[in-house]
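Welcome to my notebook. I am opening a structure that is new to us both, and I will jot down what I look up as I go.

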Amino acid sequence: MKLYVSPGAPSPRRVMMFMVEKSIAGIDLVNVDLNANEHKGEAYRAKSPLAKVPALELDDGRVLTETRAICTYLEGLHPEPNLMGENFEERAFIEMMDRRVELYLLGGIANVVRHTHPGLAPLEQPQFPEYGQSQAQKVREVAAWFDHVLERQPWIAGDRFTIADITAFCAIEFAKLMKFKPGHEGMLALQAWRDRVADRPSAAAK
């Protein structure tokens, strides 16, 4: 199998952290140069029609895109350690929190960075700085909600580390590009959680 990634992009990092947590080896990593618009070329679009990374090319030639779908496939191949739920009830609550992180935190951060960071200008045309700036306040509101969640429980989805923590960690790390650090804004539980995740070996995957 081949996993198409781009260093520094949060979605591929989510899959690579997932793989490290599960000690998955034997998947070839193929870097896609976003700055050179390689993802928009005909060869890559044949694998990922929406020109997004990551993409997992299976040995039979089929290609999975969308981070959550790739992780679901890998969880099926490598069920331990479990990161997505042991039964239908736990899976539902983990997926709920993972989706909340993905849609409301990571999605908002991406909007801020894409529309305000000069380094992203070549990839986001046209940029709308006012829109990006308006999203920054919404990101902080969502982050504050997660801070309150983590005041009550040790991990994003409950009592153990799951895929929701991977998604949230990649989001918070990406938020450095919008100069957001939870501890500097009084979100002490979120900062303490981030620091605990940063100590895991998987956090080095980028």
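This is a predicted model: local features need pLDDT of at least 70, side-chain atom pairs count only at pLDDT 80 or more; totals for chains, interfaces and linings use all residues.

I began at Glu 185, which sits in the loop between α6 (163-174) and α7 (188-198).

Is Glu 185 buried or exposed, or does it count as partly exposed? I found a relative accessibility of 33% for Glu 185, so it counts as partly exposed; that class lies between the cut-offs of 20% for buried and 50% for exposed.

Next I looked at Glu 185 together with Thr 162. These two are 23 residues apart along the chain, and I noted 25 Å between their C-alpha atoms.

Which residues form a positive surface patch? I wrote down four names: Lys 40, Arg 45, Lys 52 and Arg 114.

Lys 40 belongs to the loop between β2 (28-31) and α2 (42-45).

I listed seven helices and four strands. Read from the N terminus, their order is β-α-β-α-β-β-α-α-α-α-α.

What about overall size? The C-alpha trace spans about 45 × 45 × 25 Å along its principal axes. I also checked the radius of gyration: the chain has 17 Å, and this agrees with the value near 17 Å that a compact globule of 206 residues would have.

My last entry is on burial: of the 206 residues in the chain, 47% are buried.

Technical notes:
Residues are numbered from 1 along each chain as its sequence is written. Side-chain values use heavy atoms; hydrogens and water are left out. Patches are made of residues with over 30% relative accessible area and no salt bridge: like charges are joined within 9 Å, nonpolar side chains (Val, Leu, Ile, Met, Phe, Trp, Tyr) within 5 Å. Accessible areas come from the Shrake-Rupley method with a 1.4 Å probe; for residues, only the protein chains shown count as cover. A salt bridge is a side-chain nitrogen of Lys or Arg within 4 Å of a carboxyl oxygen of Asp or Glu. Lys and Arg count as positive and Asp and Glu as negative; His and the chain ends are not counted. The place of a charge is taken as NZ of Lys, CZ of Arg, CG of Asp or CD of Glu. Helices (H or I, at least four residues) and strands (E, at least two) are DSSP runs, numbered from the N terminus. The radius of gyration is taken over C-alpha atoms; the globule rule is 2.2 Å times the number of residues to the power 0.38. Buried means under 20% relative accessible area, exposed over 50%, partly exposed in between (1.4 Å probe, protein chains only).
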